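Let's go through this model together and ask what stands behind each label.

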Amino acid sequence: MSAFKCPNCGKTTGGNEKFCIDCGQPFNISCPECGEGWRFMYEYKFCPACGHNMKKANATKPQPEQKKA
Ligand SMILES: [Zn+2]
Ligand SMILES: [Zn+2]
């Protein structure tokens, strides 16, 4: 397992986590079109399995928890 950097907050995780231990960013998501699961598909513009445009999915990604002041 290689280290995986959270694309949302930059926290380095061990690579096994399904969610960022720091901000809760999900690392494994599924294509809404074909249901194929991928490692953090937010980096993908299109689903590698079916070509579904992932930009829409990216727009609806959950907002990270606001940092407490
Ligand atoms: Zn994070
Ligand atoms: Zn797909």
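Below are some questions and answers on the terms used for this structure.

This is a predicted model, in which local features need pLDDT of at least 70, side-chain atom pairs count only at pLDDT 80 or more, and totals for chains, interfaces and linings use all residues. Residues are numbered from 1 along each chain as its sequence is written, chains are lettered from A and ligands numbered from 1 in the order in which they are written, and side-chain values use heavy atoms, with hydrogens and water left out.

Q: Which residues are the protein donors of the zinc ion (ligand 1), and what makes them donors?
A: Donors are N, O and S atoms within 2.8 Å of the metal (3.2 Å for Na, K and Ca); water is not among the atoms, so sites may look incomplete. The SG atoms of Cys 6, Cys 9, Cys 20 and Cys 23 lie 2.2 to 2.3 Å from the zinc ion (ligand 1), so they are its protein donors.

Q: What spacing do the donors of the zinc ion (ligand 1) follow along the chain?
A: The pattern is C-x2-C-x10-C-x2-C. Strands are DSSP runs (E, at least two residues), numbered from the N terminus.

Q: Why is Cys 23 called buried, and why is Cys 9 called partly exposed?
A: Buried means under 20% relative accessible area, exposed over 50%, partly exposed in between (1.4 Å probe, protein chains only). Cys 23 has 18%, so it is buried; Cys 9 has 34%, so it is partly exposed.

Q: How do you know whether Thr 13 is buried or exposed?
A: Its relative accessibility is 5%, so Thr 13 counts as buried. Thr 13 lies in strand E2 (residues 12–13).

Q: What does Cys 34 contact beyond its neighbours within four places in sequence?
A: Cys 34 is in contact (heavy atoms within 4.5 Å) with Cys 47, Ala 49 and Cys 50. Cys 34 has a relative accessible area of 39%, so it is partly exposed, whereas Cys 47, at 3%, is buried.

Q: How many disulfides are there?
A: A disulfide is a pair of cysteine sulfur atoms within 2.5 Å. By this rule the count is zero.

Conventions:
Helices (H or I, at least four residues) and strands (E, at least two) are DSSP runs, numbered from the N terminus.
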